[in-house]
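Let's take a friendly walk through this chain, from its overall make-up to a few local details. Have a look at the model first.

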Amino acid sequence: MRMKNSFKFHIGMRICKTAIAVFICAVLGLVFDMQPFYGMAAAIICMQNNTVKTLKKGAVRCIGTGVGGIFAVIILLLSDFTPLKPFTFIYYLLISFLIIPVIYVTVLTNQEDSAAISCIVFLSIVLAHIEDSNPYLFALLRMGETITGIIIAYAVNFIIKNPDRKNGKETEFDYENL
């Protein structure tokens, strides 16, 4: 069987815009002496083929980060002000149980697309950063870095060749159907 050589090497604008957004996040990390990982991740996840889709993906990411961050702070407070100790059987049981309300809040608010990122943010804080010198500050910075990455992705997508700005008219964003 003879194979047809149909492979074309093409780097599209979305790939280029994603790389630019990641670089801007890195530069901001250098300027503010911060780890840019979460902003870069948000920029990568939120970059879409037009600004409306980028904004929608960014809204999902913001909501998920906020919900997960709030529930993580509850665990942090419990760890600080009760006998609850991290990385014990009871601790794992509690965070596993709290996944239920984390997801359910996204369902109640019609933000089901935010459920996965809510859980990931929650687990990231309560498992990977609970023993940081200031896990509350980490939670706050994590949310700020994510929002920064989303804003950068949107700005890059808006400024550089945008298919939804035909004839100078931007496609409208439907805020009611986030």
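## Overall make-up

Of the 178 residues in the chain, 39% are buried. This is a predicted model, and its exposed surface comes to about 11200 Å², with 68% of that supplied by carbon and sulfur atoms.

The chain has six helices and two strands. Reading from the N terminus, the order is α-α-α-α-α-α-β-β. Contacts between residues 24 or more positions apart make up 71% of those with a separation of 6 or more.

## Two helices side by side

Helix α3 (residues 51-81) packs against helix α6 (residues 135-159) at an angle of about 180 degrees, and their axes lie 9 Å apart. Angles over 145 degrees count as roughly antiparallel, so α3 and α6 are roughly antiparallel to each other. The residues of this contact comprise 14 nonpolar, eight polar and three charged ones.

In soluble globular proteins, nonpolar side chains tend to be buried together. Here the largest nonpolar core holds 21 residues, and Ile75, Tyr91, Phe122, Ile125 and Val126 have the most contacts inside it. At least two residues each come from α3, α4 (89-108), α5 and α6. The top contributor is α5, with six residues.

What does tyrosine 91 touch, leaving aside its neighbours within four places in sequence? Its contacts are Ile75, Ser79, Leu84, Lys85, Pro86, Val126, Leu127 and Ile130.

## Helix α2 and its cover

Helix α2 (residues 37-46) has these buried residues: Tyr38, Gly39, Ala41, Ala42, Ala43 and Cys46. Among the elements covering them are α1 (13-31), α3, α5 (115-128) and α6.

## Two loop residues with positive phi

Most residues other than glycine have a negative phi. Aspartate 33 has a phi near 50 degrees, a positive value in a residue other than glycine. Aspartate 33 sits in the loop between α1 and α2. Is aspartate 33 buried or exposed? With a relative accessible area of 72%, aspartate 33 is exposed.

Phenylalanine 87 has a positive phi too, near 65 degrees, and is placed in the loop between α3 and α4. Its relative accessibility is 33%, so phenylalanine 87 counts as partly exposed.

Definitions and conventions
Residues are numbered from 1 along each chain as its sequence is written. This is a predicted model: local features need pLDDT of at least 70, side-chain atom pairs count only at pLDDT 80 or more; totals for chains, interfaces and linings use all residues. Side-chain values use heavy atoms; hydrogens and water are left out. Axes are lines fitted to C-alpha atoms, for helices over the stretch in contact, and angles run from 0 to 180 degrees between N-to-C directions. Helices (H or I, at least four residues) and strands (E, at least two) are DSSP runs, numbered from the N terminus. Angles under 35 degrees count as roughly parallel, over 145 as roughly antiparallel, 65 to 115 as roughly perpendicular and the rest as oblique. Ala, Val, Leu, Ile, Met, Phe, Trp, Tyr, Cys and Pro count as nonpolar, Asp, Glu, Lys and Arg as charged, and the others, Gly among them, as polar. Buried means under 20% relative accessible area, exposed over 50%, partly exposed in between (1.4 Å probe, protein chains only). Contact means heavy atoms within 4.5 Å. Accessible areas come from the Shrake-Rupley method with a 1.4 Å probe; for residues, only the protein chains shown count as cover. A nonpolar core is a set of buried Ala, Val, Leu, Ile, Met, Phe, Trp, Tyr and Cys residues joined through side-chain atoms within 4.5 Å.
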